[in-house]
Amino acid sequence: MSGVFSPTRAKIKERTLRTDKWWLEPAITFGVLFSFVIYATFRAFEGANYYKDHLISPFYSPCLSQACVPEATLFGWTPVSAEIFNFALSPALIILIFPLGFRMTCYYYRKAYYRSFWLSPPACAVAEPHTKYTGETRAPLIFQNAHRWFFYAGLVFNVFLTYDAIISFKNVDGQWGHMSLGSLVLLVSSTLLWMYSLSCHTCRHTVGGRLKHFSKHPVRYKLWTLVSALNHKHQQFAWFSLAAVAFADIYVRQVATGAWTNFYFF
Amino acid sequence: MARKLNLRIWRGDATDGGLKDVQVDVNEGEVVLDVIHRVQATQMGDLAVRWNCKAGKCGSCSMEINGKPRLACMTQVASFDEDETITVTPLRAFPVIKDLVTDVSFNYKKAMEIPAYEHPKELAPGEARMEQVDVERSQEFRKCIECFLCQNTCHVIRDHEENKKSFAGPRFFIRIAELDMHPLDKLKNRKRTAQEEHGLGMCNITKCCTEVCPEHIKITDNAIIPMKERVVDIKYDPARMFAGLLKREKRN
Amino acid sequence: MTLERHKYDVLVIGAGGAGLRAAVEAREAGLSVAIICKSLFGKAHTVMAEGGAAASMGNVNDNDNWMVHFRDTMRGGKFLNHYRMAELHAKEAPDRIWELETWGALFDRTKEGKISQRNFGGHEYPRLAHVGDRTGLELIRTMQQKIVALQQADGREFGDMEAKMKVYAECTITEILKENGKIAGAYGYWRETGEEVLFEAPAVVIATGGVGKTFKITSNSWEGTGDGHALALKAGANLVDMEFLQFHPTGMVWPPSVRGILVTESVRGEGGILTNSLGERFMFKYIPDVFKDKYADNEAEADRWYEDQDNNRRPPELLPRDEVARAINSEVKAGRGTEHGGVYLDVSKRIPAEVIKKRLPSMWHQFYELAGVDITKEAMEVGPTCHYVMGGVEVEPDTAAAVGVPGLYAAGEVAGGMHGSNRLGGNSLTDLLVFGRRAGAGAADYVKSAGANPVSDATIKAAADRIEAPFSREGGENSYSLHAELQEVTHNLVGIIRTRTEIEEAIAKITDIRARSKNVAVAGGRKFNPGFHLAFDLDNMLLVAESTAKSALLREESRGGHTRDDFPGMNNQWRQVNHIASFDGNQVNIKAQPLPMLPKELFDLFDVHELEKYMTPEEIAKGGSN
């Protein structure tokens, strides 16, 4: 017997004596994240319905494959072939590793999925089921230290997605100065992605957290203070941006399949 | 205006023990420690409990109240429903000594393993100049009252006795962070030893330490994650990796 | 079973500020040191000190220097202080604070990056080095970590971090042992197991802190049971000025979960005001003549002081503690108190909530969490709470050696003399450092010249028998109820306001409780048994209470922390004597002992007209002792 049932510890047979609904939060987290993964997997392999009238799904941007709808590409730049080993590669699969990696290695999501998927621990002071634990000291979890790499990549993606949001301010005929519900959806999702990235712990560290003397770097200290304030809300930004991206994709897909019609304000 | 409270107290020692039910008077505005003291004075003269200041400043009366690691002096009876039974047990991550008292010597051993502050030799007493903004981060960590609730709740050792030898725990990660962010500390290799000797990598940032901290120190966000990032700086940073700087770092 | 034995050069009893500082000094002098604490390491009552540590560094106002500090200390103590202790304290305090910085302490800073200093009652200039309102914690933690640093150095040198210095936690010392009239060690038991332990050491430093638990309402933790006072008495040392107890004027009286807990003076320093149940700001009525020129007598001027301290007198809320305590007591006795027997202290109406939270973070957090009281929104209900004992072991100022017992040293609250009849806030944290260091050095010098002094088996046997006694009795008295009885007696009869008849009644009752305490029986086993622990603490508290009551009976005047209703004024004749308590094995005896006269160079630091308030014309005429 190990952990709280080790021979030296107080003899208590319950795994926890908590009387509150400690299981609720991990259960919800599990439900939401799991649904997202299912949906995202389906969409990533679908390889269609990601572009319509200047709206491009964030799951497919930037679209780098020769399989891409030409309008969805970055000025027609398609360095990746449509097939690999005779397997038709969905353009989403080429790029999804980056936003996915950013979220997988995010300090907030780590807490969320370690608790809800891996039950390590399911909640504070609730005994976990595993008999061995090495944390993030060896493969594969030592890979979490790559968060910074994904953070940089995430910033590049944010630029693309912001570009996509700007492009969406066109009407069906490609004329500028129009706004649809779709452009609003892309704008919100790209903005929330920026907030999510900028509120990230790595960002906080990079802009100023790594310094020993704030007083010698007043500008970076100011930035650090701002990012720190955002960082308090990192969890919220993580969820809101996830929901916004998912909804943006759903919206584009529905418009692309013709299920919904993109509503133009002007 | 006394009313009766149902209290369930763990009594026993390392060999055996269990929860005992008692009924005790409770007055308005009292905390759980007040009630335990009343039990001690009227019903169980030999009930063992650690406490000192009864003001949330010394961190002695750490225990688990309804399964949550808390300070008994900071837990108001009024925060529970009137008909609720309050269960108090000793900390479950450390060996029990008797009743509500556990052997927390693990923490003092770990304290001795963290390399001490190193003052610049050229600065005589009184010559140090530090800006308030530069000391504030470390000051947050120095608020720690060493109640060891964070150590107790951390699943790395709570659920895995065998990790105790290689893991310093949240309390000592904030100590390392405090020193690494101290404007004058001269010791160079705190980041590397944090990772390689004190088990920083074992932490999977599930934030329970922050949740239980009675001083509201943002242990995870302000100490552990910044330390993990500092470790990335010297071991895994992409830019430095390409520039070949990490090898040089290693020699420091 | 064989007795557990340890051998050291210096044994430090008490791991608060003074004990740890003494231990550091003795170890740095090359000796082996054991530190004994009654609770866990780092939990000492020092952590409760909030306001700061007084040292005339002059960082905020460069008019400050040791002479100003010395004058303030003497004034605060009503000139009953041992001048040499006050002098050493004022001179060395800045070095002790700066030294902490070299050990890693992080005090709040001024704009120039120096250690910030704040105003405090009785101090002429901003003088208290502080860290928010948790300065005591910073001191303890810094020294705790310094000890770890020394242990790490020992680890590198000897291969064992605890080779030369070790902390023994949760250990109670029941007796200080002597052989041939000199210190030989100490005897006690582990709180955890109840098993006995012997420490052999030719020098013992007592640094056990205060006696608050003798009283019913107190800011002290359970540890403040006067152990060191009693151990020293029984070892043949004297206690000086035990009648002087400081009742902190502003302890919480309501709600009960925070009763006794201090509301730091900084709350008043930052602009908190005291009002009675009629809403009157009553402190203006209680400014004593000696302070008329330093304190504002009207609200307008008092309010201006917060903005402009050079051209206005201070608000009377910042009078020395005893004056504020007495004023609150008078208001409550006159029927103008709150329903729980206190007065209102309000900081919420004058300072924005955000500023309060920033400047007094632990105050805010503590009352909000402990009792649901939000000090940024509502007034606190406060009244006097037993806080500090000025009296203590009589020591030689320069070495902190206990008078009459070779090898015994005392520092911190347990030592007497430094604060006279009343301690200024902020002086105790530097007292710990200054005299903790001197005690460590004194003990080290003594050991180097005196050498070992082994303990005899007979001495050990006697000490062991005493510990075993409570278990061998049956159906005797309950230590919890005797303790409650004692607290009731002291609180009502030798509390903040005293009279002859009440003190005499107290002495009779204390004698009675002491007789019954010989019959205390303990239920349960030896293992971590609080009933058993209290039986020993009770014995100590009884000796302390007896010393206090008997000294209080003799002193027929009111001064500082001793207020006699039947002798309301200060009497300059009484300033010339200290009361010395000693123990003959049966009871405490008190004798009056002349106070050493100020030497000329210190005498001359004062305006003669000020000294006339405290000294007799003959003393003034002498103009100092040399």
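What share of the 266 residues in chain A is buried? In this predicted model, the answer is 40%. The chain itself is built from 9 helices and 4 strands. Along the principal axes, the C-alpha atoms of chain A take up a box of roughly 75 × 50 × 40 Å. As for how the chain folds back on itself, 68% of the contacts in chain A with a separation of 6 or more are between residues 24 or more positions apart.

One helix of chain A gets a closer look here. Helix α6(A) covers residues 181–198, 18 residues in total, and spans 26 Å from its first C-alpha to its last. That is close to the 26 Å expected at 1.5 Å a residue. Its buried residues include A:Val185, A:Leu186, A:Leu187, A:Leu192, A:Leu193 and A:Tyr196. Also on the buried list are A:Gly182 and several serines, namely A:Ser183, A:Ser189, A:Ser190 and A:Ser197. An α-helix has 3.6 residues a turn, so residues three or four places apart point the same way. The cover over the buried residues of α6(A) includes strand β2 (55–56) along with helices α5 (147–167), α7 (201–209) and α9 (234–257), which also belong to chain A.

Where they meet, domain 1 of chain B contributes 12 residues and domain 2 of chain B contributes 13. On the domain 1 side of that contact, the residues sort into 7 nonpolar, 3 polar and 2 charged.

Chain B also has an open sheet of 5 strands, with mixed pairing and the order β2-β1-β5-β3-β4. The edges belong to β2 (17–26) and β4 (68–71) of chain B; each has a single partner strand, so one side of each has no neighbour in the sheet. On average, and ignoring direction, neighbouring strands are turned by 35° against each other. At one end of the order, β3 (residues 62–65) of chain B pairs with β4(B) in the antiparallel sense, over 4 bridges. Here B:Glu64 sits opposite B:Pro69 of β4(B). Helix α1 (residues 32–42) of chain B packs on the sheet and touches β1 (3–12), β2, β3 and β5 (86–89) of that chain. The direction of α1 makes about 100° with that of β2(B).

Chain B has contacts with both other chains considered here. Its contact with chain A takes 50 residues from chain B and 45 residues from chain A. Elements of chain B that each supply at least two residues to this side include β1, β2, β4 and β5, as well as α3 (132–142) and α9 (219–235). The largest share, 7 residues, comes from α9(B). By class, this side of chain B holds 20 nonpolar, 14 polar and 16 charged residues.

With chain C, 48 residues of chain B are in contact with 51 residues of chain C. On the chain C side, α3 (83–102), α4 (135–158), α10 (361–371) and α15 (530–554) each supply at least two residues. Helix α4(C) gives the largest share, at 8 residues. The side of chain C that touches chain B counts 22 nonpolar, 15 polar and 14 charged residues.

Definitions and conventions
Residues are numbered from 1 along each chain as its sequence is written. Chains are lettered from A and ligands numbered from 1 in the order in which they are written. This is a predicted model: local features need pLDDT of at least 70, side-chain atom pairs count only at pLDDT 80 or more; totals for chains, interfaces and linings use all residues. Two residues are in contact if their C-beta atoms, placed from the backbone, lie within 7 Å. Ala, Val, Leu, Ile, Met, Phe, Trp, Tyr, Cys and Pro count as nonpolar, Asp, Glu, Lys and Arg as charged, and the others, Gly among them, as polar. A residue is buried if 20 or more other C-beta atoms lie within 10 Å of its own, exposed if 12 or fewer, and partly exposed in between; C-beta atoms are placed from the backbone. Two strands pair if DSSP finds at least two bridges between them. Axes are lines fitted to C-alpha atoms, for helices over the stretch in contact, and angles run from 0 to 180 degrees between N-to-C directions. The expected span of a helix is 1.5 Å times one less than its number of residues.
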